Amino acid sequence: MTEYDFANLQTRWSFPTLVWFGAGRLSDLPGALAEIGGKAPLIITDRGLAASSIITGAQQTLKAAGIASGFFCEVQPNPTGENVVAGCEVLRKGGHDCVIAIGGGSAMDAAKAVAMMAGQTRPLLDFEDIGDNFRRVQTNGMLPVIALPTTAGTGSEFGRSSVITDTDSHRKVIIFHPKMLPELVILDPELTVGLPPVLTAATGMDALSHALEALCAPGWHPMADGLALTALKMIDGALASAYSEPGNLTARSNMLVASAMACTALQKGLGAVHALAHPLGARYDAHHGMLNAVLMPHVLRFNLPAVSEQMATLAHELRLKGSDPGAAVLSWLETLQARVDMPSSLSKMGVGVGETEIPGLVADALRDPCALGNPIPLNEAGVEQILRAAL
Ligand SMILES: [Fe+2]
């Protein structure tokens, strides 16, 4: 067990989200609004879901309860600052007092940023997660958010930040404030059964990467470690089933809750997987979860010398055989990746990184806040080594 200096150790943990779990709880939206004191919600989703039965179901449920709702769906797969500004316009014009975020990570991130920006006079990028920029936020104007995830992976519904693409610099910028945390999360597994298999796999791999990176991140956080380990066990048992049997509510429920736990655990830290996935996603508009699926084995291989203790625990929990826990976990990861048909390299997923683009990607990965959570301190040579292995 790692030795810490408990006489001098001080740390900060937070597990505050109210969750309503259960199949069919979309119909509890009126009660959820009453719970948070909202009367005039703006539903924010993405274009792909705009005409879905999930959105019409939400609108009809609210209408039947006498609640008028607004609607905004101009959210790109990697949401941009322009999407947030457009959402704020709709919010202000409609006089809304809260936001209902329905969708995957993109809709969730955009919705949280809109709810935060509702009360700000500064531009969005002034709140990039650098130093104490979050103290610039005028909290009294922020609106509460009810989040209903339709994917099991991003975990944005349990996070206090949004990842927004700055289209000028082609960077993914993390916007952070502690109060960006949704006030209420409705985990309704029925909302995830319509997710196509490839997105089930990619978002599930995102959840897996949150748990694995949190478990491997340095620092003393046994609560996060417990969540991460349990999430990894649940994903091991459920991801392949959710992928091959979309209507399997047991697998869908397990993935949804595992994603929630993994995202709660990632407050301990993320690492090189996310540090590299962010600039790759911003430059190539590639799916975040699929990028993580490709990067994870290469990052784990790089990190193995520093995470032998975590690998021993994880291999034991997953009941993996073999005398080398690190190798066993790596093999388990690559097997699961193949079972859900995730590509094994960036080129196979259609991300063609040119030789001249490598230095810029490495520099952007090193300045990403997630780089600080990697168990082996990252430098240019290390990040380049991982990136080249993943090409
Ligand atoms: Fe992620």
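Trainee: Leaving aside neighbours within four places in sequence, with which residues is Lys179 in contact?
Mentor: This is a predicted model, numbered from 1 along each chain as its sequence is written, in which local features need pLDDT of at least 70 and side-chain atom pairs count only at pLDDT 80 or more, while totals for chains, interfaces and linings use all residues. Side-chain values rest on heavy atoms, with hydrogens and water left out. Taking contact as heavy atoms within 4.5 Å, and setting those sequence neighbours aside, the partners of Lys179 are Thr139 and Met142.

Trainee: Where is Lys179 placed, and does its relative accessibility make it buried or exposed?
Mentor: Helices (H or I, at least four residues) and strands (E, at least two) are DSSP runs numbered from the N terminus, and in these terms Lys179 sits in the loop between S7 and S8. Buried means under 20% relative accessible area, exposed over 50% and partly exposed in between, with a 1.4 Å probe and protein chains only. Because Lys179 reaches 56% relative accessibility, this residue counts as exposed.

Trainee: Which residues does Glu183 touch, not counting those up to four places away in sequence?
Mentor: Glu183 belongs to the loop between S7 and strand S8 (184–187), and its relative accessible area of 44% makes this residue partly exposed. Its C-alpha atom is separated by 5.7 Å from that of Val145, although the two residues are 38 apart along the chain. With sequence neighbours excluded as stated, Glu183 touches Leu18, Ile36, Pro144 and Val145.

Trainee: Which residues form the aromatic pair, and what is the angle between the planes?
Mentor: Rings of Phe, Tyr and Trp (its six-membered ring) pair if their centres lie within 6.5 Å, and planes under 30 degrees apart count as stacked, over 60 as edge-to-face and the rest as tilted. A search of the whole structure finds 1 aromatic pair. Phe134 and Phe176 form this edge-to-face pair, with 5.5 Å centre to centre and, between the planes, 80°.

Trainee: Why does this pair tie together parts of the chain that are apart in sequence?
Mentor: Phe134 lies in the loop between helix H4 (105–117) and strand S5 (145–149), whereas Phe176 lies in strand S7 (residues 171–176). The pair therefore ties together parts whose separation in sequence is 42 residues.

Trainee: Which residues are the protein donors of the iron ion?
Mentor: Donors are N, O and S atoms within 2.8 Å of the metal (3.2 Å for Na, K and Ca), and sites may look incomplete because water is not among the atoms. In sequence the donor residues follow the spacing D-x3-H-x63-H-x13-H. Lying 2.2 Å from the iron ion, the donors are Asp206 (OD), His210 (NE2), His274 (NE2) and His288 (NE2).

Trainee: How is the site of the iron ion classed, given the angles among its donor atoms?
Mentor: Four donors count as tetrahedral if all angles lie between 85 and 135 degrees; four count as square planar and six as octahedral if opposite donors are over 155 degrees apart and all others between 65 and 115; anything else is irregular. With angles of 84 to 170° among its 4 donor atoms, the site is irregular.

Trainee: How many residues apart are Arg47 and Glu74, whose side chains meet in a salt bridge?
Mentor: A salt bridge is a side-chain nitrogen of Lys or Arg within 4 Å of a carboxyl oxygen of Asp or Glu, and the count comes to 11 salt bridges. The side chains of Arg47 and Glu74 meet at 2.9 Å, N to O. Arg47 is in the loop between strand S2 (41–44) and helix H2 (53–64) and Glu74 in the loop between strand S3 (70–72) and helix H3 (81–94), so that this pair links distant parts of the chain, with a separation in residues of 27.
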